[in-house]
Amino acid sequence: MTTHLHPPDPRDRPARLAVGVVGAGRVGPALAASLQLAGHRPVAVSGVSDASRRRAAELLPDVPLVTPAEVLARSELVLLTVPDDVLPGLVQGLAETGAVRPGQLLVHTSGRYGVGVLEPALRAGGLPLALHPAMTFTGTAVDVQRLAGCSFGVTAPEQLRLAAEALVVEMGGEPEWIEEQNRPLYHAALALGSNHLITLVAQSMELLAAAGVGAPDRMLGPLLGAALDNALRSGDAALTGPVSRGDAGTVAAHVEQLRRNAPQTLPGYLALARATADRALAAGLLKPELAEELLGVLGEDGTDRTEGPRGTGGTTGDDGEDDR
């Protein structure tokens with residue numbers, strides 16, 4: 001059966017919308033608070049845990065906590081801000097119980113899904129939008145400020161594209177159109193760059209503390225800030241360090257120390273070092289004659305498979321200068 005979308009005529013509804021939140025996690029209350037700043041009216045929120053209730057009370061004071069079905073009954077725009085794995089069942093259940101009303105805007109914030117996951121709501125007359133903020137959330141008021149200039153991955157039926165993009169702009173964000181079939185790849189890219197970065201930084205701080213550094217965060221802050229800025233500006237051309245220089249002796253020393261002091265970090269170090277070597281080689285930064293020895297050090301288990309003596313200090317460029 002083909003379902004035809006009939007976007008709401010602005011003359012048929014108030015310019016400002018009654019907003020409901022299903023799932024008072026870290027994201028939903030922040031988005032609703034941002035929409036409130038744009039003049040919309042948060043009218044209902046659902047949350048089960050004590051943490052969810054506290055977040056709702058902080059970011060959406062005086063907005064009643066009700067059941068998900070009641071949120072939909074009170075709202076023209078519904079934010080479905082639940083975990084990815086919960087979303088399909090939630091949408092199915094709301095549609096089957098008649099909670100979805102014709103003309104109601106249903107917005108989910110999952111990076112993984114496009115609008116296909118909202119098909120049950122669409123069949124019930126709902127208007128589906130996928131608006132994923134490319135931002136990490138804390139569950140506090142600072143999240144509302146961080147939405148200013150934040151990119152949103154937007155997926156919607158063509159008839160609703162302008163409405164979806166307008167909502168993002170009202171929250172202070174920048175809409176970025178993502179095709180339905182590209183949503184999983186889009187989300188994988190964000191997870192790789194953001195979620196894994198936290199793991200790397202946390203591991204780095206632990207290693208610095210073990211090495212006797214009193215303030216690992218203060219040491220890493222300027223370095224990581226500069227590295228991120230350089231990477232965003234220049235991509236692979238920003239690569240530095242012993243792997244991109246082909247300094248196999250230094251890398252071997254790293255591997256030895258990690259195996260001895262922090263073996264849980266070694267697999268990640270080796271995998272990222274191999275990926276860095278491949279990219280540095282492709283970009284012309286890593287000299288081919290140095291790559292073989294380096295990749296030998298970066299074997300599957302970090303066991304050196306090369307032979308012959310190796311220096312222990314930093315390598316130098318052709319002009320004798322350490323090219324860090």
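## Strand β1

All five of the five residues in strand β1 (residues 18-22) are buried, so the strand is largely enclosed by the rest of the structure. Here, buried means under 20% relative accessible area, with exposed being over 50% and partly exposed in between (1.4 Å probe, protein chains only). Helices (H or I, at least four residues) and strands (E, at least two) are DSSP runs, numbered from the N terminus.

In a regular strand, side chains alternate between the two faces of the sheet. For β1 both faces are covered: one side has Ala18, Gly20 and Val22, the other has Val19 and Val21, and all are buried.

This is a predicted model, so to speak: local features need pLDDT of at least 70, side-chain atom pairs count only at pLDDT 80 or more, and totals for chains, interfaces and linings use all residues. Residues are numbered from 1 along each chain as its sequence is written, and side-chain values use heavy atoms, leaving out hydrogens and water.

## Strand partners

Two strands pair if DSSP finds at least two bridges between them. β1 pairs with strand β2 (residues 41-46) in the parallel sense, over five bridges; alanine 18 has arginine 41 of β2 as its bridge partner.

β1 also runs parallel to strand β3 (residues 77-80), joined by four bridges. There, glycine 20 sits opposite valine 78.

## Helix α1 and the crossover

Helix α1 (residues 28-37) has eight of its 10 residues buried, so the helix is largely enclosed by the rest of the structure too. The buried ones are Gly28, Pro29, Ala30, Leu31, Ala32, Ala33, Ser34 and Leu35. After α1 comes glycine 39, with a positive phi near 105 degrees.

Put together, β1, α1 and β2 form a right-handed β-α-β unit: with the strands pointing away from the viewer, the path from the first strand over the helix to the second runs clockwise.
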